[in-house]
Amino acid sequence: MVIRMKIKHLFLLAFLASVIITAAVLILDRKEAAITAAAVTDQVSFQQTAGSVSDEDKWELISTYIIRSSPSWVHSYDVEIGPGHSGVRGGGHSDGEAASFPMDWTIKQHYLEDYVQHAPAGTEVVGAAILLAYHAAAEGDFKQAEAFLSQARKRLTFFGYAYGEQQLMLEWVKLAMASGHPQRVQSLIKSLVKEEQTSASNAPYQTLLEAAKLPPTRSSTVTGVIKRSDGTPITDAGVYLRQKGDANHSVVNEEPYQTMTNSKGEFTFHGVLPGSYQLNLGLRLDQVDGWSWQIENDTWIDIQAGERRELNVEFQPLIQQTSPVNNEVIHGDTMTFAWEPVAGAAYYNVNIGLRTGKGDSMNVLLKDRIASASLRVPIEELYDTPITISFGKIGDWSSVETESLLGFENPQVHFHWNVEAFDRNGHFISRSNGYRLDEENAAALPLFKLAGLTLTPADQLLLDHKMEEALRAYKRSYEENRSDLHSLRMIIRLLQSKATVMEGGKPSSAETGSYLQQMTALNPDHRYLEQLFDYYNEHRKWSQLDQVYRKITADPAASDLIYLESEYAEAIARQGRYEEAEMLLARNVPRDASHRSIGLYAALHLYLHADLAGTLELVRRYPDRTLYIYEINHSWEELLSQLAAKAEQNSAYAREIHEKLGWFLGGKEQDIHAWLQTTRDTPLKAFIETLQKVK
């Protein structure tokens with residue numbers, strides 16, 4: 001479990017990376033990626049081994065190295081990459097799993113066809129047939145794709161393998177839709193319903209059936225090419241066009257829009273319904289070794305009815321880091337991060353991180369908007385950089401991973417770093433963070449240690465998970481020496497983690513606020529000021545909040561203020577400063593790719609101007625990309641359209657909307673609660689309830 005402390009950069013790194021995923025370092029050394037089965041290391045050794053063993057062992061080889069022991073073809077890839085979810089999949093294997101390696105498709109096809117025809121009927125037969133079918137369809141031969149699926153279905157039916165047959169038929173329907181055969185989709189689903197293998201109301205059949213019934217003028221198509229910047233196509237890659245409701249987890253085969261690239265790296269989706277989507281890819285490790293896809297967090301694709309959209313993906317070489325690397329020990333009061341410059345880069349961001357004893361990788365932004373290909377920072381700045389804190393169990397303070405609390409002041413931990421490059425328009429160009437497997441790419445791993453650190457007795461108590469004793473020890477050290485920044489840092493972090501783990505995230509205590517005030521007096525770093533901002537906001541200390549906000553925004557080091565601005569806008573709206581809050585959000589929302597504050601912006605605009613048409617235009621222009629986090633399945637546009645439809649029928653409805661928005665914005669929670677319990681005004685109730693959820 002992860003504590004996402006209310007610190008801007010921690011929130012951004014954790015949130016934008018998908019609420020749902022960790023911002024893990026995607027750097028693997030050879031040991032982590034090595035094939036444990038020494039007999040099979042490449043295509044040649046696979047063929048030699050398969051030709052010299054029994055049929056039973058041959059089926060096991062094909063299952064392990066080609067099908068990846070799964071009926072779901074999405075699990076046949078090593079890596080899943082996307083704007084909200086990235087990581088190693090490994091085909092569902094446990095420790096010691098076999099890693100994939102390049103294999104010519106003609107050779108792979110031979111073994112897969114052999115498996116479908118002769119191997120024991122089971123889930124792997126499904127997986128083999130699906131891989132064959134997707135490849136044939138990608139090359140434009142849907143007839144051959146159906147032949148592979150039909151052959152496997154006959155074997156599964158003969159042996160009474162109903163579950164495998166259901167999985168196979170789902171992929172058949174999806175493949176028919178992606179290949180542009182809507183009539184085939186309808187006939188397949190009709191047949192499955194008749195045979196009682198599914199219901200047309202079940203997802204994803206419902207989505208696919210709706211798409212198949214669209215007239216050609218409203219049916220959308222998405223095409224693209226996936227390649228490296230040197231022109232090399234990425235072939236046989238999984239391509240997943242993901243709906244909003246699926247973006248908070250890794251890809252599963254129940255999602256409706258999935259396909260594979262052909263020999264030219266091309267892909268096509270037919271019958272795409274209007275809506276917002278994210279593009280994810282499934283790849284082998286060798287396809288991404290030394291390369292990265294410069295996908296930005298919160299990258300969404302808005303598809304309109306009848307649209308033809310082209311989505312091309314180009315992988316860039318990983319940025320080469322030059323220092324520090326290979327566990328270099330850093331001495332002195334400053335350190336320098338250096339890397340090879342990237343053509344077209346206007347600035348860089350540097351992130352640092354550590355790996356805990358349990359293997360969790362924690363990252364945080366150290367510095368952004370760096371103009372040159374190096375960064376020199378005081379070591380003390382690393383000490384001040386907090387890490388996202390993880391823990392095992394609510395109510396158990398000792399379950400906190402204490403390495404994440406001690407952060408970059410732990411002499412027992414190796415630290416890592418990465419760099420990202422952006423052009424002058426703020427668009428992501430490339431990164432160093434990626435998969436490095438061969439000798440050349442893994443020659444300079446970005447790992448370092450800090451010299452001169454010594455664990456204090458309080459630190460040792462902390463690492464021993466003696467939380468209360470450690471807190472008392474840090475307090476004693478600080479009382480004895482009021483310039484002891486280390487002890488003061490640790491007091492604050494311990495109190496914050498305790499509030500989250502033991503008190504369910506209640507507002508920070510007055511004790512925490514007092515220590516934050518002392519810290520900002522000793523060290524007015526913007527990160528501590530932002531924590532103090534959160535404290536004043538939680539406790540509605542408005543005048544102090546205004547003062548701290550002005551200090552933060554005047555600090556050149558605090559360059560990315562989108563999240564802080566949205567928090568401040570909500571705070572001043574609670575004070576009745578509605579016009580000021582609206583002006584701030586009018587500047588903030590367009591600059592935030594997630595548009596997370598559009599709900600409040602819409603509420604303020606509607607309350608101040610009674611302009612439903614103008615408010616509708618705002619939410620259409622800036623769709624909220626975060627609603628799925630709150631398990632909200634409707635959009636602000638849908639909610640406001642319902643209000644507008646009712647307002648057209650009732651001239652007095654505008655006054656009702658204005659009154660209830662006034663209650664919400666004015667914090668009249670009891671009035672809102674009583675009204676929600678009794679009202680039959682479904683559109684306005686849904687709008688207010690959604691505002692409450694995302695507040």
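Mentor: Buried means under 20% relative accessible area, exposed means over 50%, and partly exposed lies in between, with a 1.4 Å probe and protein chains only. This is a predicted model: local features need pLDDT of at least 70, side-chain atom pairs count only at pLDDT 80 or more, and totals for chains, interfaces and linings use all residues. Residues are numbered from 1 along each chain as its sequence is written, and side-chain values use heavy atoms, with hydrogens and water left out.

Trainee: Why is Glu380 called partly exposed?

Mentor: Its relative accessibility is 34%, so Glu380 counts as partly exposed.

Trainee: What makes Arg489 and Glu380 a salt bridge?

Mentor: A salt bridge needs a side-chain nitrogen of Lys or Arg within 4 Å of a carboxyl oxygen of Asp or Glu. Here the N to O distance is 3.1 Å, so Arg489 and Glu380 qualify. Arg489 lies in helix α16 and Glu380 in helix α12, so the pair ties together parts 109 residues apart in sequence. Helices are DSSP runs of H or I with at least four residues, strands are runs of E with at least two, and both are numbered from the N terminus.

Trainee: Why does Arg489 count as buried?

Mentor: Arg489 has 2% relative accessibility, so it counts as buried.

Trainee: How do you know that Glu570 and Arg574 form a salt bridge?

Mentor: Their closest N and O atoms are 3.6 Å apart, so the pair meets the cut-off. Both lie in helix α20, four residues apart, about one turn of the helix.

Trainee: Is Glu570 buried or exposed?

Mentor: Buried, because its relative accessible area is 18%. Arg574, at 22%, is partly exposed.
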